[in-house]
Amino acid sequence: MYLKFRGHNKQYFLPIYLVCDFEAFLKLIDSEASANSTRIINEHEISGFACHRVTRFTKHQTDPTVYSGPNVMEKFHEHLMIEAEIINNILTKNHEMNPLPPNLQ
């Protein structure tokens with residue numbers, strides 16, 4: 001038995017979305033045992049990201065933006081704010097509709 005999704009008509013269509021991937025490495029840390037006797041020995045340190053805009057409209061698709069260096073999360077946040085502004089400009093344009101073909105009038 002497996003789970004199958006059948007309510008595709010209930011999905012919300014997203015005309016544009018961002019696909020992002022983070023790269024990280026494990027960094028050893030010194031820590032003492034906490035109250036529940038768990039001792040943290042390492043943590044993920046983010047070293048870079050890649051992000052690109054995906055849409056079925058090819059003129060609005062982008063190649064991945066890749067960043068690796070200091071202040072990764074700051075650079076990622078800056079990139080997201082730029083993308084948000086661009087996507088907002090794309091989606092708020094009011095285009096006139098094409099007339100219906102004669103067989104549908």
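User: What radius of gyration does the protein have, beside that of a compact globule of 105 residues?

Analyst: This is a predicted model, and its C-alpha trace spans about 75 × 45 × 20 Å along the principal axes. A compact globule of 105 residues would have a radius of gyration near 13 Å, whereas the value for the protein is 22 Å.

User: What share of the 105 residues is buried?

Analyst: The protein exposes about 9500 Å², of which carbon and sulfur atoms supply 56%. Counting a residue as buried when its relative accessible area is under 20%, the buried share of the 105 residues comes to 14%.

User: In what order do the strands lie in the open sheet?

Analyst: From the N terminus on, the elements run β-β-β-α, which amounts to one helix and three strands. The edge strands, each pairing on one side only, are β1 (16–28) and β3 (65–68). With antiparallel pairing, the order in the sheet is β1-β2-β3.

User: Which residue in β2 stands opposite Phe-25?

Analyst: Strand β2 covers residues 42–55 and pairs with β1 in the antiparallel sense over 13 bridges. In β2, the residue that stands opposite Phe-25 is Glu-45.

User: What angle does the direction of helix α1 make with that of β2?

Analyst: Neighbouring strands of the sheet are turned by 15° against each other on average, direction ignored. Helix α1, residues 72–91, packs on this sheet and touches β1, β2 and β3. The angle between the direction of α1 and that of β2 is about 20°.

Key. Residues are numbered from 1 along each chain as its sequence is written. This is a predicted model: local features need pLDDT of at least 70, side-chain atom pairs count only at pLDDT 80 or more; totals for chains, interfaces and linings use all residues. Side-chain values use heavy atoms; hydrogens and water are left out. Two strands pair if DSSP finds at least two bridges between them. Helices (H or I, at least four residues) and strands (E, at least two) are DSSP runs, numbered from the N terminus. Axes are lines fitted to C-alpha atoms, for helices over the stretch in contact, and angles run from 0 to 180 degrees between N-to-C directions. Contact means heavy atoms within 4.5 Å. The radius of gyration is taken over C-alpha atoms; the globule rule is 2.2 Å times the number of residues to the power 0.38. Buried means under 20% relative accessible area, exposed over 50%, partly exposed in between (1.4 Å probe, protein chains only). Accessible areas come from the Shrake-Rupley method with a 1.4 Å probe; for residues, only the protein chains shown count as cover.
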